[in-house]
Amino acid sequence: MTKKVEVKNLAKIFGKRSPRVKELITQGKTKAEILEQTGATVGVNQANFHVNQGEIFVIMGLSGSGKSTLIRMINRLIEPTQGTISIDGQDLMTLNKKELREVRRQKMSMIFQNFALFPNRTILENTAYGLEIKGVEKNVREQKAHEALELVGLHGYDHQFPQQLSGGMQQRVGLARGLANDAEILLMDEAFSALDPLNRKDMQDELLDLQEKMHKTIIFISHDLNEALRIGDRILIMKDGVIVQTGTPEDILTHPADDYVKRFIEDVDRTRVLTVANVMIRPNTINIDKDGPRLALRRMQENEISSVYVVDSARKFVGFADAKDVVGLIRKESRDLRSVVQTSVPTTHPDVPVNDLMDKLSSTPIPYAVLDDDHHLVGIIVRGAVLGAIAGNGVAQE
Amino acid sequence: MTILISKLPLSDWVNSFVTWLTQFTGFFNGITSFIGGIVNGFQWVFDLLPVWLFIVIVLAITWYATRHGKKWGLLLFELAGLLLIWNLDYWRDMTQTLTLVLTSSLIALVIGIPLGILMAKSHTFEAIMKPILDLMQTMPAFVYLIPAVAFFGIGMVPGVISSVIFAMPPTVRMTNLGIRQVPVDLIEAADSYGSTSWQKLIKVQLPLAKSTLMAGVNQSMMLSLSMVVIASMIGALGLGTQVYFAVGRNNAGNGFTAGLAIVILAIILDRITQAFNRAKH
């Protein structure tokens, strides 16, 4: 495999930049020791790794571990204090401003956690931004941008503005902006972290689908182990600016390098890694404050299901209504759905490991309702989806 | 010890500096004829327009600026206010004041926006400019009249110059602020796709700073309007002159009517610039 990106002895020091700090870094002192002795903060400490052509490389760590600094040094948004970064064998550190700009235009596209779409530009103009600054002609770049938007599943939003779209859709635009540019490397900085669990899962699937077709080299930052295991070909784990371990998901799970990694993956097996958030599906709901029995029945018929979940206007979970009862209500010409809502529905939380639910799942006839901390209905769990996920659609993608 | 008992000759230094500057007559004459040209241009157009056409144009501009939410009250106010000014026989004075305000705002904009951009790009330049802007804004405006007369004689031009000095700081400050307020992730996005500084400025920073910047322009315009009476002391014609004369003759009635005309003009200018700013959203 060819090495697309190679990083050697890369370090970033914030604050005082004395030769003494560099010396300490080279001696292998830790972030805490250097802070105590010199007052300088080490963002990234002697990073060494490479990324292969066409792989998804996940850099994982908790906040403050230096992962965001690391990804920003790869395109020199943050200037490294020392070390080298090479892309296709070309050392980025030797480039002048103009050459660096050229590399950013041709080789790398970045996708941001909070989307970073330009609010004054339409979706199409946002997507075409990279091409526009390269000087690509207007109709050519709009054509390409339009194709990129279609590719990520956004139809008919070309002339809307970012604030008119939901978070998930905005990040599709972010992704499309990266793809439209035709760069070989995508730098994705916590790209899906701001999305709700279902949207995040959709986007992860989307990315994996796209990757099968496009074979980009993707460097993906995440703080979520499930996400890392799900999409990563290889994973790098960081702590306090230092790389703790680099390896395939399998390596990380079977041979954790130290206690830190071990704690991260604490007794991971296939079912344990999966949380409820990974296997839940979108529920069909009706709003009890607004909708009546006829609408409830209609929704069930449309989706060919025999029951529907009931929420209130604030999207808080109320219960569950059965088709039989709803039909009875319509016969009686009553409008009061409340009288037939069953409230004794089994519920669970998105962060619960699926393993803990396995036994109970087989004994309840009604799908579990997944409620977040605010009692909002975020998804439901049906048995089939859980089994499918455990069988391999979910965690490790070998 | 002598420094404690004898007065610092600061005013002598300023005087000799001003005297030294006056030797560049050619330079100042150049500026005078340039600004004089702009002033005459505006005045020529305003003199050419009949009153009714002028009013129609103002109403049309307001109509366009408020197209996303009509304000009939404003249109009515403009019509009544302008007719009142005409009726009171202040029409030409009003157009002269408008010329002064438009010229000084235009110059404040052309100089102020680039200065604001430079401030946003460089911390050093910002540190240098901040005290200068404070000085420009807080120094009593009368003080500018003295050197202005020395360099540019009397008339509209020194009036415009002293208005510009007094009115420019908000434009500079708000341009700086507007650009610095652009969220850092948008700047990173622009950089990561390989934008040049110029592309980043034109495509991202200025468009996003626009409403803040326009608020600064609006303030500059209001400040230059507040200079019209002061500027009239060095021969800048207009409503200010009428107020100044009324003060000299102790004529409260004339002072009030000319003052009212300034207020009407101020409200019209303020509402139109604000409406243009809002219309962009």
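Let's start at A:E190, where the side chain makes a polar contact with the side chain of A:K67 at 3.4 Å. Keep in mind as you look that this is a predicted model. A second polar contact, of 2.6 Å, joins the side chains of A:E190 and A:S193. Is A:E190 buried or exposed? With a relative accessible area of 7%, A:E190 is buried, because anything under 20% gets that label. If you set aside the neighbours within four places in sequence, A:E190 is in contact with A:K67, A:Q113, A:I221 and A:H223.

Now slide over to A:I25, which belongs to helix α1 (residues 19–26) of chain A. A:I25 counts as buried too, with a relative accessibility of 1%. Which residues surround it? Not counting residues up to four places away in sequence, A:I25 touches A:A11, A:I13, A:I34, A:V42, A:N45, A:Q46 and A:Q82.

Staying in chain A, let's look at a pair of helices. Two packed helices are described by the angle between their axes and the distance between the axes. For helix α15 (residues 293–303) and helix α16 (residues 323–331) of chain A, the axes come within 9 Å and cross at roughly 140°. α15(A) and α16(A) are therefore oblique to each other, and their crossing is left-handed. Which residues do the touching? From α15(A) come A:P293, A:R294, A:A296, A:L297 and A:M300, and they meet A:A323, A:V326, A:V327, A:L329 and A:I330 of α16(A). Sorted by class, this contact has 9 nonpolar residues, 1 charged and no polar ones.

Chain B has a helix pair to set beside it. Here the axes of helix α6 (residues 91–121) and helix α7 (residues 123–138) of chain B come within 6 Å and cross at roughly 130°. That makes α6(B) and α7(B) oblique to each other as well. On the α6(B) side you can pick out B:L115, B:L118, B:M119 and B:K121, which meet B:H123, B:F125, B:E126, B:M129, B:K130 and B:L133 in α7(B). The residues in this contact divide into 6 nonpolar, 1 polar and 3 charged.

Further along chain B is B:Q199, in helix α11 (residues 197–226). B:Q199 is buried, with a relative accessible area of 15%. What does the side chain of B:Q199 reach? The answer is the backbone nitrogen of B:T196, at 3.0 Å. Leaving out residues up to four places away in sequence, B:Q199 touches A:R105 and A:I133 in chain A, along with B:G194 and B:V204 in chain B.

Let's finish at helix α13 (residues 239–248) of chain B, where B:L239, B:G240, B:T241, B:V243 and B:A246 are buried. Why look at the spacing of residues in a helix? An α-helix has 3.6 residues a turn, so residues three or four places apart point the same way. Just after α13(B), B:N250 takes a positive phi of about 55°.

Definitions and conventions. Residues numbered from 1 in each chain as written. Chains lettered and ligands numbered in written order. Predicted model: local features only at pLDDT ≥ 70, side-chain atom pairs only at ≥ 80, totals over all residues. Heavy atoms only, no water. Axes fitted to C-alpha atoms, helices over the stretch in contact; angles between N-to-C directions. Helix = DSSP H or I, 4+ residues; strand = E, 2+ residues; numbered from the N terminus. Parallel < 35°, antiparallel > 145°, perpendicular 65-115°, else oblique. Left-handed = near helix turned anticlockwise from the far one by under 90°. Contact = heavy atoms within 4.5 Å. Nonpolar A, V, L, I, M, F, W, Y, C, P; charged D, E, K, R; others polar. Buried < 20%, exposed > 50% of the residue type's maximum accessible area, 1.4 Å probe, protein only. Polar contact = N/O pair within 3.5 Å; in protein donor to acceptor, adjacent residues only side chain to side chain.
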